[in-house]
Amino acid sequence: METYLILSVAVNIALVGSDVASNQISNLCLTPGCIQAASSILDNIDASVDPCDDFYQFACGNFIKQANDDTSYVELTENLVQQQLRVVLEENVKAQEPRPFRLLKKMYQACMNTTAIELDGLTTIKSILEGLGGWPVLKGRKWNQKKFHWKQSVYKFRNLGYVVNYLITLTIMEGITNSSLSTLYIRPADVSLSNTSDLKPYLNKMVHVATVLGANKGVAERELNESLKFEHHLSLMASAIPEQ
């Protein structure tokens with residue numbers, strides 16, 4: 001009887017131990033990402049140091065030996081992520097990918113295609129400006145103020161992905177406690193031209209862009225100076241309103 005009980009206990013212990021070990025193995029992450037992360041941690045560890053004596057040296061000793069004085073692990077990780085992101089962006093656009101991913105890839109690849117950019121010249125930007133209703137400083141006497149509606153203009157800018165917070169700032173945020181409810185926040189214009197020392201360089205840049213696109217320099221200086229005054233006034237109004 002005693003032999004039977006001892007044997008029974010031994011079998012139970014063996015079965016339980018086997019089950020625990022099996023569960024531990026099944027819970028291990030063996031994906032390439034997990035294996036690479038584990039390998040990186042092991043590479044950084046200095047196993048010659050007792051963690052009870054100096055845990056930091058134990059955990060990061062090899063990393064410290066290999067890294068430069070000005071390099072942090074966060075910086076190395078950021079560089080690695082940037083490299084991985086570049087590889088992803090340079091892949092061919094796939095139809096089944098989410099729309100934001102497709103747009104991001106197309107934008108990146110378009111920006112990196114310097115040959116196409118040089119061949120295109122100013123064609124695309126002029127086409128975009130025309131689609132937005134035209135830039136008065138370029139249109140000259142052909143500009144029809146009666147056909148301009150600022151709300152429609154904001155919609156067109158937003159639809160193309162441009163910032164539209166120059167007249168008023170519109171923000172939609174999901175509820176913190178109830179994500180099915182959204183709140184529309186309306187705030188002053190998001191412009192920061194309260195510092196008068198920034199105005200002249202800003203005006204010069206606007207005039208330069210306008211003349212490159214074909215505007216008369218004298219007309220550009222006069223009209224864009226008026227535009228700058230209006231933007232500066234909006235900035236002063238916005239800065240005078242306290243934060244909510």
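**Close-up views of a predicted protein model**

View 1. N165 lies in the loop between α9 (150–159) and β1 (168–174), where helices (H or I, at least four residues) and strands (E, at least two) are DSSP runs, numbered from the N terminus. This is a predicted model, in which local features need pLDDT of at least 70 and side-chain atom pairs count only at pLDDT 80 or more, while totals for chains, interfaces and linings use all residues. Residues are numbered from 1 along each chain as its sequence is written, and side-chain values use heavy atoms, with hydrogens and water left out. With a relative accessible area of 18%, N165 is buried (buried means under 20% relative accessible area, exposed over 50%, and partly exposed in between, with a 1.4 Å probe and protein chains only). Leaving aside residues up to four places away in sequence, N165 touches L170, A189 and D190, a contact being heavy atoms within 4.5 Å.

**View 2. The whole chain, for orientation.** The protein has 11 helices and 2 strands, and from the N terminus on its elements run α-α-α-α-α-α-α-α-α-β-β-α-α. Of the 244 residues in the protein, 15% are buried. Among the contacts with a separation of 6 or more, 36% are between residues 24 or more positions apart.

**View 3. The largest nonpolar core.** A nonpolar core is a set of buried Ala, Val, Leu, Ile, Met, Phe, Trp, Tyr and Cys residues joined through side-chain atoms within 4.5 Å. The largest one here has 11 residues in all, namely V137, L193, L199, L203, M206, V207, A210, A215, A220, L224 and L228. Both α10 (199–212) and α11 (217–240) supply at least two residues of this core, and α10 gives the largest share, 5 residues. A215 touches V137, L138, A210 and A220, when residues up to four places away in sequence are not counted. In soluble globular proteins, nonpolar side chains tend to be buried together.

**View 4. E231 in helix α11.** E231 is found in helix α11 and is buried, with a relative accessible area of 17%. Apart from residues up to four places away in sequence, E231 touches V191, L193 and Y202. Although E231 and A189 are 42 residues apart in sequence, their C-alpha atoms are 9.4 Å apart in space.

**View 5. The two sides of helix α3.** In helix α3 (residues 55–66), F58, G61 and F63 are buried. These three cover an arc of only 160° around the axis, which puts them on the same side of α3; the arc is that of the directions from the helix axis to the C-beta atoms. The face of α3 turned away from its buried side carries the exposed residues F55 and Y56.

**View 6. The disulfide and two other cysteines.** A disulfide, counted here as a pair of cysteine sulfur atoms within 2.5 Å, joins C29 to C34, with 1.9 Å from S to S. By this rule the count comes to 1 disulfide, and the link of C29 and C34 is right-handed, with 80° about the S-S bond. C29 is partly exposed, at a relative accessible area of 39%, and C34 is also partly exposed, at 27%. As for two other cysteines, C52 counts as exposed at 73% relative accessibility, whereas C60 is partly exposed at 22%.
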